[in-house]
Amino acid sequence: MTDILSDHLTHELSERSAALLLGLGAEIPEPGDLPARTPITGGELLTLRADTLDEVDAAIARAATAFQAWRTVPAPGRAAVVRRLAELLTAHKTELGELVTLEAGKIGAEAVGEVQEMIDICEFAIGLSRQLYGRTMPSERPGHRLMETWHPVGVVGVISAFNFPVAVWAWNTALALVCGDTVVWKPSETTPLTALACHTLLRRAAADVGVDPQVHQLIQGGAEVGARLVDDERVALVSATGSVRMGRIVAPRVAARFGRCLLELGGNNAAIVTPSADLELAARGIVFAAAGTAGQRCTTLRRLIVHVDVVGPLLDRVASAYRQLRVGNPLEDGVLVGPLINERAYHGMREALDRALADGGELVCGGDRVEVCGDDAYYVRPAIVRMPAQTAVVREETFAPILYVLGYHHFDHAIALHNAVPQGLSSSVFTSDQREAERFLAADGSDCGIANVNIGTSGAEIGGAFGGEKQTGGGRESGSDSWKAYMRRATNTVNYSAELPLAQGIKFG
């Protein structure tokens with residue numbers, strides 16, 4: 001009976017996804033060999049035809065040709081297409097958010113919030129179009145001006161992951177377009193419909209303001225499609241979001257052809273809770289950071305490092321909140337935790353839990369599968385495991401809602417535990433002691449690209465550069481001066497005198 005209901009729901013969701021695509025201005029894709037599945041039921045929404053390698057080559061060629069004219073458009077003029085995209089995203093926020101829920105399984109608030117991130121980065125990029133500042137320095141030679149200028153780098157390849165199927169694309173694309181680059185997007189094969197919708201909206205925005213729609217290309221398919229993009233010398237920059245394993249493949253291949261990489265890879269994020277922390281505030285931040293998006297964020301809180309004097313009362317609060325989290329269909333009101341993306345994610349979670357328990361861990365709560373929409377959907381209760389030590393499984397990133405709890409006695413020990421993992425994305429400390437807060441943010445504190453005080457590890461704002469160190473890849477997207485990754489710098493010397501003095505006072509001839 002459950003499977004019959006699941007099939008019926010899948011049919012309804014399939015029809016709804018088609019209606020959403022049409023409402024967003026996209027055509028229903030031609031049926032093919034690339035399935036678009038929903039983690040809500042595990043069933044198939046629609047199928048698409050994956051691009052052939054020849055079609056990938058042609059898309060890159062179109063982007064390279066469009067770049068020749070696009071790079072000469074003044075940056076404020078380039079911002080016009082991004083401004084129009086923001087308007088379209090605002091008008092269609094609800095529909096695009098619902099499509100994100102259908103394909104990625106996010107609850108409604110998180111899905112719409114992701115679309116809002118797209119709007120926010122568009123606004124940031126529009127302002128940035130008038131702030132692509134160079135620099136003028138004093139020359140050591142009289143009658144000379146020395147300066148640095150920034151120019152578009154070329155074709156930017158964007159490879160995005162399923163967990164933020166639209167926001168990460170927007171972070172890269174809004175900045176790349178304003179910087180004068182053209183974009184070729186290879187989305188996750190798990191979320192092809194949201195990619196089709198975004199591509200349609202951007203091309204509509206371009207047409208509305210008189211911009212050549214060829215500045216953006218969409219290529220769909222599996223690893224072979226991504227590999228073709230990575231290896232093409234016409235692609236000046238590859239911005240790739242995904243696993244460390246993926247990054248180990250992409251980085252050397254791009255480097256071998258002297259291309260550029262912007263990598264956003266794994267995160268094994270931790271929060272330190274000190275004896276002076278506000279435990280109620282900490283508990284709220286911990287629960288959202290650890291259980292939000294069913295643990296499928298790169299910034300998900302995965303390790304909780306707590307002083308032994310407060311680990312008991314804090315764990316009571318967090319476990320109590322966990323037991324009240326409603327796990328279920330993300331389309332239903334009141335649901336806070338939706339499904340894992342697929343069966344592979346579920347088995348990865350089960351394997352990690354088994355290893356943690358074998359290492360002496362104690363399961364505090366969660367970890368069990370919840371029957372919601374049939375056997376092909378994978379819903380789980382977020383798990384808390386108290387660990388005796390930071391074992392190998394704790395040092396790895398499992399893309400699922402598992403929170404490992406470790407105790408500490410001294411703050412130096414807490415920082416050492418925090419940094420003793422190969423990833424370095426996001427981090428936080430909960431404390432009312434200013435010395436502890438400042439130490440955490442200092443050079444000998446957190447070794448992550450993001451370090452927060454009295455807030456969780458997730459929920460980065462557009463204004464700050466997003467990215468991490470170590471196996472996270474070292475890239476920076478979104479705010480601050482991350483625009484420089486999408487441009488090339490030139491040092492210029494202008495001789496406005498009638499003489500030709502040489503640098504360092506050299507006399508020649």
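Tutor: Let's start with threonine 293, which is buried, with a relative accessible area of 7%. Keep in mind that this is a predicted model.

Student: What is noted about the phi of threonine 293?

Tutor: Phi is positive there, about 55 degrees, although threonine 293 is not a glycine. Asparagine 454 also gets a note: its phi is near 60 degrees, a positive value in a residue other than glycine. Asparagine 454 sits in the loop between β19 (450–453) and β20 (465–466).

Student: And why does asparagine 454 count as partly exposed?

Tutor: Partly exposed runs between the buried cut-off of 20% and the exposed cut-off of 50%. Asparagine 454 comes in at 33% relative accessibility, so it lands in that middle class.

Student: Isoleucine 506 has 49% relative accessibility, so why is it not called exposed?

Tutor: Exposed takes over 50%. At 49%, isoleucine 506 stays partly exposed. Isoleucine 506 belongs to the segment after β23 (487–495).

Student: What makes the nonpolar surface patch that includes Ile506?

Tutor: Leu500, Leu502, Ile506 and Phe508 make it, with about 500 Å² of surface. Patch members need over 30% relative accessible area, so Ile506 at 49% passes that test.

Student: How do you know that glycine 77 is partly exposed?

Tutor: Its relative accessibility is 34%, and the class lies between 20% and 50%, so partly exposed it is. Glycine 77 is in helix α3 (residues 75–91).

Student: How far is glycine 77 from valine 211, in sequence and in space?

Tutor: They are 134 residues apart along the sequence and 9.6 Å apart in space, C-alpha to C-alpha.

Student: What makes up the lining of the second largest pocket?

Tutor: The space in that pocket is about 550 Å³. Of the 20 residues lining it, Asp51, Leu196, His199, Leu218 and Gln220 are the closest to its centre. Two or more lining residues each come from α2 (53–70), α7 (192–208) and β7 (216–218).

Student: And how do the lining residues of that pocket divide by type?

Tutor: Eight are nonpolar, five polar and seven charged. Leu counts as nonpolar and Asp as charged, so Leu196 goes in the nonpolar group and Asp51 in the charged one.

How values were computed:
Residues are numbered from 1 along each chain as its sequence is written. This is a predicted model: local features need pLDDT of at least 70, side-chain atom pairs count only at pLDDT 80 or more; totals for chains, interfaces and linings use all residues. Side-chain values use heavy atoms; hydrogens and water are left out. Patches are made of residues with over 30% relative accessible area and no salt bridge: like charges are joined within 9 Å, nonpolar side chains (Val, Leu, Ile, Met, Phe, Trp, Tyr) within 5 Å. Accessible areas come from the Shrake-Rupley method with a 1.4 Å probe; for residues, only the protein chains shown count as cover. A salt bridge is a side-chain nitrogen of Lys or Arg within 4 Å of a carboxyl oxygen of Asp or Glu. Helices (H or I, at least four residues) and strands (E, at least two) are DSSP runs, numbered from the N terminus. Buried means under 20% relative accessible area, exposed over 50%, partly exposed in between (1.4 Å probe, protein chains only). On a 1 Å grid over the protein atoms alone, a cavity is a set of points where a 1.4 Å probe fits but cannot get out, and a pocket is an open set with protein on both sides within 12 Å along at least five of seven lines; lining residues have an atom within 4 Å of a point. Grid points are joined across faces, edges and corners, and a volume is the space filled by probe spheres set on the points.
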